[in-house]
Amino acid sequence: MKHLLLSLAIAAALPAQAQQQTLARIAAQPAVKQALAYIETNEATTQKNMLAINAIPAPTFAEAARARDYEQRLKAAGLADVHIDEAGNVLGTHKGTGNGPTVVLAAHLDTVYPATTDLTVREKDGRLYAPGIADNGRSLAAMLTIVYALREAGVQTEGDVLFVANVGEEGLGDLKGVKHLFKQRKDIKAFIGLEPALGADGDPVTYIGTGSRRFKVTIHGPGGHSYEGFGLPSAVHAAGRVIARIDEVRVPAQPKVTFNVGVVQGGQSVNSIAAEASLLIDIRSADATLLAKVEQQIKDAIQQGVRETNQRWNSQAITAEVTLIGDRPAGQMPADAMIVRTALAAAKVQGRPPLLDTPHSTDANLPMSLGIPAITMSGGGASGGYHSEKLEWWAPQHAHTGPQNVLLTLLGLVGVRGLDAPLAK
């Protein structure tokens with residue numbers, strides 16, 4: 001009986017070529033070859049599961065129905081200790097021998113679409129169109145197939161693989177699921193998140209996490225009748241000045257920093273001086289220092305707009321309350337980090353181009369910010385139109401290659417006890 005173990009500690013010390021050779025030896029193990037073949041052979045089942053999972057509405061903060069369904073799927077796949085935690089995450093463990101690290105594979109449950117959204121699938125020109133089908137229905141189905149591949153091939157890992165279907169990745173979810181996970185678990189040594197292949201062809205690896213800070217600005221004023229009270233300052237008018245001042249903020253092109261006033265609300269009626277108005281603001285960058293700098297510039301612009309409104313109406317009645325509603329920490333792995341090299345080697349030993357992706361904001365941001373090795377990988381296939389109810393699509397172009405890359409990367413991280421023949425099922 002031969003034994004093969006690639007642990008995180010060993011991998012970190014290996015040069016790229018040696019690491020690739022080790023991944024090649026893992027890929028050549030009979031059980032691993034069977035697992036990789038299982039993913040390709042069962043792609044039709046993966047797509048069937050994708051459609052079934054995506055048919056269950058799962059807006060952020062209302063993922064419970066999809067979570068219960070996914071819990072049953074993980075139990076049927078034979079994982080240990082399958083349960084839903086206090087945050088609403090679904091967890092299950094592929095148990096190793098105890099001689100390797102714990103590595104997480106995660107895909108988020110939530111979508112950006114309201115519960116009443118029509119999730120009917122349309123097919124056109126080889127693409128499947130449906131809200132959430134790419135982000136993140138495909139990834140949830142791909143993760144389930146990886147679970148089955150490990151079981152059906154009898155792959156015995158050294159470390160544990162913790163599978164997580166997490167809540168709160170989208171919108172104002174503020175990474176709720178992974179924040180809870182890392183507060184509760186201190187044994188996680190590496191993290192792989194699954195998302196559609198954003199911004200590139202093939203199956204790229206995202207190793208830079210774009211951070212974001214999100215705020216609700218509530219502007220208060222005295223209110224009054226539009227005719228009888230004319231001369232009192234309006235919260236809506238103040239909001240206009242605030243937005244104008246925010247729009248004047250200048251940011252560098254590189255490192256990239258962005259800001260956006262995404263939602264504006266306020267007023268009571270056409271003939272009322274508004275007593276309240278609100279703005280939702282999103283600020284993003286992969287550079288934490290620049291993110292903080294622009295945040296302060298935005299806050300200064302808000303106060304400038306308030307002062308100008310009060311000066312215009314000779315008043316001190318307008319005030320602004322700024323509340324943090326989202327904090328996604330920026331994070332980055334070195335391009336030659338062990339976990340990045342492992343993922344690139346996994347693609348290369350299978351004869352595929354090793355691709356690095358542009359920065360994105362994903363669940364991996366959180367572990368990156370904590371100093372825990374983390375990347376985001378593709379659930380497979382081609383996709384686009386994300387977060388657009390009518391335009392989001394997924395297509396089965398080389399769909400099995402994404403999950404295969406993920407599986408081999410996982411095995412490189414947790415270690416494999418290799419056998420001459422598959423273990424008994």
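This is a predicted model: local features need pLDDT of at least 70, side-chain atom pairs count only at pLDDT 80 or more; totals for chains, interfaces and linings use all residues.
1. Helix H8 (residues 235–247) packs against helix H9 (residues 288–312): their axes come within 8 Å and cross at roughly 140 degrees. Angles over 145 degrees count as roughly antiparallel and 65 to 115 as roughly perpendicular, so H8 and H9 are oblique to each other. The crossing of the two helices is right-handed.

2. On the H8 side, the contact is made by Ala238, Arg241, Val242, Arg245 and Ile246. H9 contributes Ile298, Ala301, Ile302, Gln304, Gly305, Val306, Glu308, Thr309 and Arg312. Sorted by class, the residues of this contact are seven nonpolar, three polar and four charged.

3. A cis peptide bond joins Asp135 to Asn136, with omega near 25 degrees. Asn136 belongs to helix H6 (residues 133–153).

4. Another cis peptide bond runs from Gln254 to Pro255, with omega near -10 degrees. Pro255 sits in the loop between H8 and strand E11 (257–266).

5. Phe61 is not a glycine, yet its phi is positive, near 80 degrees. Phe61 lies in the loop between helix H4 (43–54) and helix H5 (64–76). The relative accessibility of Phe61 is 54%, so this residue counts as exposed, the cut-off being over 50%.

6. His387 also has a positive phi, about 65 degrees, without being a glycine. The loop between strand E17 (382–384) and strand E18 (393–395) holds His387. With 43% relative accessibility, His387 counts as partly exposed.

Technical notes. Residues are numbered from 1 along each chain as its sequence is written. Side-chain values use heavy atoms; hydrogens and water are left out. Axes are lines fitted to C-alpha atoms, for helices over the stretch in contact, and angles run from 0 to 180 degrees between N-to-C directions. Helices (H or I, at least four residues) and strands (E, at least two) are DSSP runs, numbered from the N terminus. Angles under 35 degrees count as roughly parallel, over 145 as roughly antiparallel, 65 to 115 as roughly perpendicular and the rest as oblique. A crossing is left-handed if the near helix is turned anticlockwise from the far one by less than a right angle, and right-handed if clockwise. Contact means heavy atoms within 4.5 Å. Ala, Val, Leu, Ile, Met, Phe, Trp, Tyr, Cys and Pro count as nonpolar, Asp, Glu, Lys and Arg as charged, and the others, Gly among them, as polar. Buried means under 20% relative accessible area, exposed over 50%, partly exposed in between (1.4 Å probe, protein chains only).
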